[in-house]
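Visitor: Hi, could you walk me through this one?
Guide: Happy to; here it is.

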Amino acid sequence: MQRSGGLPTPKRLVYSHIAEQGAVSKAELLARYAMTSSTMTRLLEEMMEEKLILASGLGPSSGGRRPILYETNPEFGYFFGLEISRFSSSLGFFDVRMNPMSFTRWRMDEAMTPERVVEHVAANMKAILNDHKIEPAQVVGVGIGAVGPLDRESGVIVKPRYFPSPGWVDVPICRMIEERTGFRAELENGANAALMGEQWAMRHARPRHMLYVHAGVGLRSAMMSNGEIIHGSLDMEGAIGQMIIQTDGPRLSDDGNFGALEAFVSVQALERLAQSRAKISGAGWADKLRIAPDKIGYELLLQELRQNNADVEELFRQAASYLGIGLANMINMLHPETVVLGGALINSHDRFYETAIGVARKNVYYYPEYEPAFTKGELREDAVATGAALMVWKRMPI
């Protein structure tokens, strides 16, 4: 796997700006970058010769001749973005403008071992390329956004929890994909990939400081400062779940903190609380459905939530309130401009989302002088695969 480092070259800076804006004139580029007119002309001519960019027409006149507009060449290269998650995974295919050309999604059941996932992905890649009549040599690479913890540099999924299939321990996923497909692969945790994808989708609003929180089977988060993803010395995607919000409170797993956020806000936490309440005091709705307490699962809770079951609504309301406290803690520490929320719990019901952000707003220290924008994002379930492909796009050799 190749890694890029150092500062971006002038060509990369100009190319990235053209890609982000869609169509740009030479005058706009000169106003942004400290280059002489002749240097910029040579750079644009070089990029056109390399088929990186195209002349796309003429822009509006400001008094003289109408300027030539430049845009990226959509056929310069193609990218796959692969999401590997617990409930479902997905594969996206993108041109160099990050336009999605194909998306496929599948459930991660007991049969989806790492080997089976790689075979499934390889077969879908081959079918996608055949459908679009694109040669494998035109594919720049594969970005993988996966549930952590990860060893990103080695391309290894280390030991994720709650996968339905066995075998997801110390999986060299990048090597496996590269050997099976011949495409270069790079790995990033899913939360970071989702945040990269969402920032790209919102790029015209120019968000620079962003927080992403995924609430579902587990809790995952990512942070962006000044347009760059923050990486710690360890893969920290799941660290938000271990934020202690109640001293000596319950814990979700033997290796988790007591009173951690995940013990109050996760699919497992909701299931355990519902089962516990049914055992202690009974749950009339469960009795009517002839469901044993131990069999109360998330799908059943969702069903009852949609039917306005007051007991289940209270479970979700409490979880949303706890999430709001966790969000406020992170917002008070990081001060993002935009907070993007995703995951099964966020999408369970509009009231869950509204309750969570309502509690967060009330506990933001500088509110109302400072208030981040809250959103469910533009890409939502496609964010991870899009961000994973974008990671490879950003490191494309130019």
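Predicted model: local features only at pLDDT ≥ 70, side-chain atom pairs only at ≥ 80, totals over all residues.

Visitor: Which residues have the most contacts inside the largest nonpolar core?
Guide: F316, L323 and F352, in a core of 42 residues. A nonpolar core is a set of buried Ala, Val, Leu, Ile, Met, Phe, Trp, Tyr and Cys residues joined through side-chain atoms within 4.5 Å; buried means under 20% relative accessible area, exposed over 50%, and partly exposed in between (1.4 Å probe, protein chains only).

Visitor: And which element gives the largest share of this core?
Guide: Helix 10, with nine residues. Helices (H or I, at least four residues) and strands (E, at least two) are DSSP runs, numbered from the N terminus.

Visitor: What is F316 in contact with?
Guide: Beyond its neighbours within four places in sequence, F316 contacts (heavy atoms within 4.5 Å) L270, Y298, L301, L302, L305, L345, S348 and F352. There is also a second, separate core of 40 residues, with V14 and L52 among them.

Visitor: Switching to helix 1, which residues are buried there?
Guide: K11, R12, V14, Y15, S16, H17, I18 and A19. Just after helix 1, G22 has a positive phi of about 100 degrees.

Visitor: Last one: where is I230, and why does it count as partly exposed?
Guide: I230 sits in the loop between strand 13 (228-229) and helix 7. I230 counts as partly exposed because its relative accessibility is 39%.

How values were computed
Residues numbered from 1 in each chain as written. Heavy atoms only, no water.
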